[in-house]
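Trainee: Could you take me through a structure, starting with the overall build and ending with single residues?

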Amino acid sequence: DWVRQSLAWFRLHHPVPAGYVEDRVADGARIPAHVWRQELAGLVTAVPPTEAGTIDVPTLMLWGERDDLLTRADQEALAAAIPGARLQTYAETGHLVLWEQPARVAADVTAFVATLPPA
């Protein structure tokens, strides 16, 4: 089952409930193969948003320091390219920050949103 195999690319450093992982596998299995191919092609050919134009809205970036896919240097460069961006680093956490640290992500996003001016 290729969905489960693709998830193995992302090493987890905190326990994630098995039911949650199984739900994500089931979600992935329902997505048609042509959609997965288009997504991969988009990832390969995408122009980073900071190269396509200026991001001028408040930005919170979440990154796990044990991310095996995206480096700290990549994250710092992206944050530097977005005026006022805040990079929140999660110790002992991999690429799937939301999966590994859902309560902390919720608290950090809630705190960040609370700092935003009213629309």
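Predicted model: local features only at pLDDT ≥ 70, side-chain atom pairs only at ≥ 80, totals over all residues.

Mentor: Residues are numbered from 1 along each chain as its sequence is written, and side-chain values use heavy atoms, with hydrogens and water left out.

Trainee: In what order do the elements of the chain run from the N terminus on?

Mentor: Helices (H or I, at least four residues) and strands (E, at least two) are DSSP runs, numbered from the N terminus. The chain has seven helices and two strands. Their order from the N terminus on is α-α-α-α-β-α-β-α-α.

Trainee: What percentage of the residues in the chain is buried?

Mentor: The C-alpha trace spans about 45 × 30 × 30 Å along its principal axes. Buried means under 20% relative accessible area, exposed over 50%, and partly exposed in between, with a 1.4 Å probe and protein chains only. Of the 119 residues in the chain, the buried share is 24%.

Trainee: Of the contacts with a separation of 6 or more, what percentage joins residues 24 or more positions apart?

Mentor: Contact means heavy atoms within 4.5 Å. Among contacts in the chain with a separation of 6 or more, residues 24 or more positions apart account for 68%.

Trainee: Which element gives the most to the lining of the largest pocket?

Mentor: On a 1 Å grid over the protein atoms alone, a pocket is an open set of points with protein on both sides within 12 Å along at least five of seven lines, where a 1.4 Å probe fits, and lining residues have an atom within 4 Å of a point. The largest pocket holds about 720 Å³ of space, and of its 19 lining residues the closest to the centre are S6, W9, F10, W36 and E39. At least two lining residues each come from α1 (2-7), α2 and α3 (33-45). The most, six residues, come from α3.

Trainee: How many residues in that lining of the largest pocket are nonpolar?

Mentor: Ala, Val, Leu, Ile, Met, Phe, Trp, Tyr, Cys and Pro count as nonpolar, Asp, Glu, Lys and Arg as charged, and the others, Gly among them, as polar. The lining of the largest pocket has four charged and two polar residues, and the nonpolar ones number 13.

Trainee: Which element supplies the largest share of the lining of the second largest pocket?

Mentor: The second largest pocket holds about 400 Å³, and W63, L70, Q75, L78 and H95 are the closest to its centre of the 16 residues that line it. By class the lining divides into ten nonpolar, four polar and two charged residues. β1 (60-64), α5 (72-81) and α6 each supply at least two residues. The largest share, four residues, is that of α5.

Trainee: Is Q75 buried or exposed?

Mentor: Q75 is found in helix α5. Leaving aside neighbours within four places in sequence, Q75 is in contact with M61, W63, L70 and L87. With a relative accessible area of 9%, Q75 is buried.

Trainee: How far apart in space are L78 and T50, C-alpha to C-alpha?

Mentor: L78 lies in helix α5 and, at 28% relative accessibility, counts as partly exposed. Beyond its neighbours within four places in sequence, L78 is in contact with T50 and M61. L78 and T50 are 28 residues apart in sequence, and their C-alpha to C-alpha distance is 7.3 Å.

Trainee: Why is the pair of W9 and F10 edge-to-face?

Mentor: Rings of Phe, Tyr and Trp (its six-membered ring) pair if their centres lie within 6.5 Å; planes under 30 degrees apart count as stacked, over 60 as edge-to-face and the rest as tilted. By this rule there are two aromatic pairs. In the pair of W9 and F10 the centres are 6.4 Å apart and the planes stand at 65 degrees, so the pair is edge-to-face.

Trainee: How many residues apart in sequence are the parts that the pair of Y20 and W99 ties together?

Mentor: The ring centres of Y20 and W99 are 5.3 Å apart with planes at 85 degrees, so this pair is edge-to-face. Y20 lies in helix α2 (residues 18-30) and W99 in helix α6 (residues 97-100), so the parts tied together are apart in sequence by 79 residues.

Trainee: Where does E92 lie?

Mentor: E92 is not a glycine, although its phi is positive, at about 50 degrees. Its relative accessible area of 40% makes E92 partly exposed. E92 has its place in the loop between β2 (86-90) and α6.

Notes. Points joined across faces, edges and corners; volume = space filled by probe spheres on them.
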